[in-house]
Amino acid sequence: MASPNNITKFWEWGRKIICVGRNYTDHARELKNAVQTEPMLFLKPPSAYLKEGSPVLVPYYSNNLHHEVELGVVIGKKGSGIVQMDAMEYVEGYALCLDMTARDIQEECAKRGLPWTLAKAFNTSCPVSDFIPKEKIPDPHSLTIWLKVNDQLKQEGKTEAMIFSIPYLISYISDIITLEKGDLILTGTPKGVSTVKENDVIHCGIDGIVSMRFKVQRQPHSFESLT
């Protein structure tokens, strides 16, 4: 197991994944949601992490799993109440990430006023690339991120289109939740989210930096073995 000092293996020991919802205007509109006037946050547990080589699992209770490709920000040191002008000093690097979402469950939770845990926090709901050192991305707001399903382009967006910048997000989050070394911030997804099904292949990337592939499988219901 990696030492807590080995930031390049943040997914093995990082304590939390902080996600920002609806941080691209076009994505908010495609889901018929209001454009945010302040960041909307939710959490994923570390057990959501998935590395390339293992499959994304459609939860047994969902029939509409969506892909959401995102830029992830890896935090390098502990901080709270961080001011925006100092925020990038807390960034150690980046990762390409997926926020896999059980959309049918999310919509049902929204109707009933329930948390999004079942829709967002299940095992394999946060696939991540290898760690990308900060030096390889001088400006995280000038990237193109994209995603294909079975070689068909579904998502492509510029990180400059984020509603809330990375320094703003770090400052905002750190006023509420203390950031720690190894934490991951998911910065939102551009438009084009769609359903993936069993045996689909997801291929996503950051132009000129990194790409990754995942096959989709369906999670067996744990009670099936008892029947």
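Residues are numbered from 1 along each chain as its sequence is written, and side-chain values use heavy atoms, with hydrogens and water left out. Because the model is predicted, local features need pLDDT of at least 70 and side-chain atom pairs count only at pLDDT 80 or more, while totals for chains, interfaces and linings use all residues.

**The core**

In soluble globular proteins, nonpolar side chains tend to be buried together. A nonpolar core is a set of buried Ala, Val, Leu, Ile, Met, Phe, Trp, Tyr and Cys residues joined through side-chain atoms within 4.5 Å. Buried means under 20% relative accessible area, exposed over 50%, and partly exposed in between (1.4 Å probe, protein chains only). The largest nonpolar core has 64 residues, and F10, L98, I170 and L184 have the most contacts inside it. Strand β7 (residues 91-98) gives the most to this core, with 6 residues. Helices (H or I, at least four residues) and strands (E, at least two) are DSSP runs, numbered from the N terminus.

A contact means heavy atoms within 4.5 Å. Not counting residues up to four places away in sequence, L184 touches residues including F10, K16, Y49, C97 and V128.

K16 lies in the loop between α1 (10-13) and β1 (17-21). Its side chain reaches the backbone oxygen of T178 at 3.0 Å. Leaving out residues up to four places away in sequence, K16 also touches others, among them K44, P46, E180, D183 and L184.

Q36 is in the loop between α2 (25-30) and β2 (40-44). Apart from its neighbours within four places in sequence, Q36 is in contact with G21, R22, I163 and F164. From C-alpha to C-alpha, Q36 and L71 are 19 Å apart in space, and they are 35 residues apart in sequence.

R22 is found in the loop between β1 and α2. R22 and E198 are 176 residues apart in sequence and 26 Å apart in space, C-alpha to C-alpha.

| Residue | Relative accessible area | Class |
|---|---|---|
| K16 | 14% | buried |
| Q36 | 18% | buried |
| R22 | 21% | partly exposed |

**Helix α3**

The buried residues of helix α3 (residues 103-112) are R103, I105, Q106 and C109. They cover an arc of only 160 degrees around the axis, which puts them on the same side of α3; the arc is that of the directions from the helix axis to the C-beta atoms. The face turned away from this buried side carries the exposed residues K111 and R112. After α3 comes G113, with a positive phi near 70 degrees.

**Strands and sheet**

Two strands pair if DSSP finds at least two bridges between them. Strands β1 and β2 pair in the antiparallel sense over 5 bridges, and the bridge partner of V20 in β2 is L41. The covered face of β2 holds M40, F42 and K44, and the uncovered one holds L41 and L43.

An open sheet is formed by 5 strands in the order β4-β16-β15-β11-β12, with mixed pairing. Its edge strands, β4 (56-58) and β12 (152-158), each pair on one side only. The twist averages 20 degrees from one strand to the next; axes are lines fitted to C-alpha atoms, for helices over the stretch in contact, and angles run from 0 to 180 degrees between N-to-C directions. Strand β11 (residues 144-149) pairs with β12 in the antiparallel sense over 6 bridges. In β12, G157 is the bridge partner of I145.

Terms used
Polar contact = N/O pair within 3.5 Å; in protein donor to acceptor, adjacent residues only side chain to side chain.
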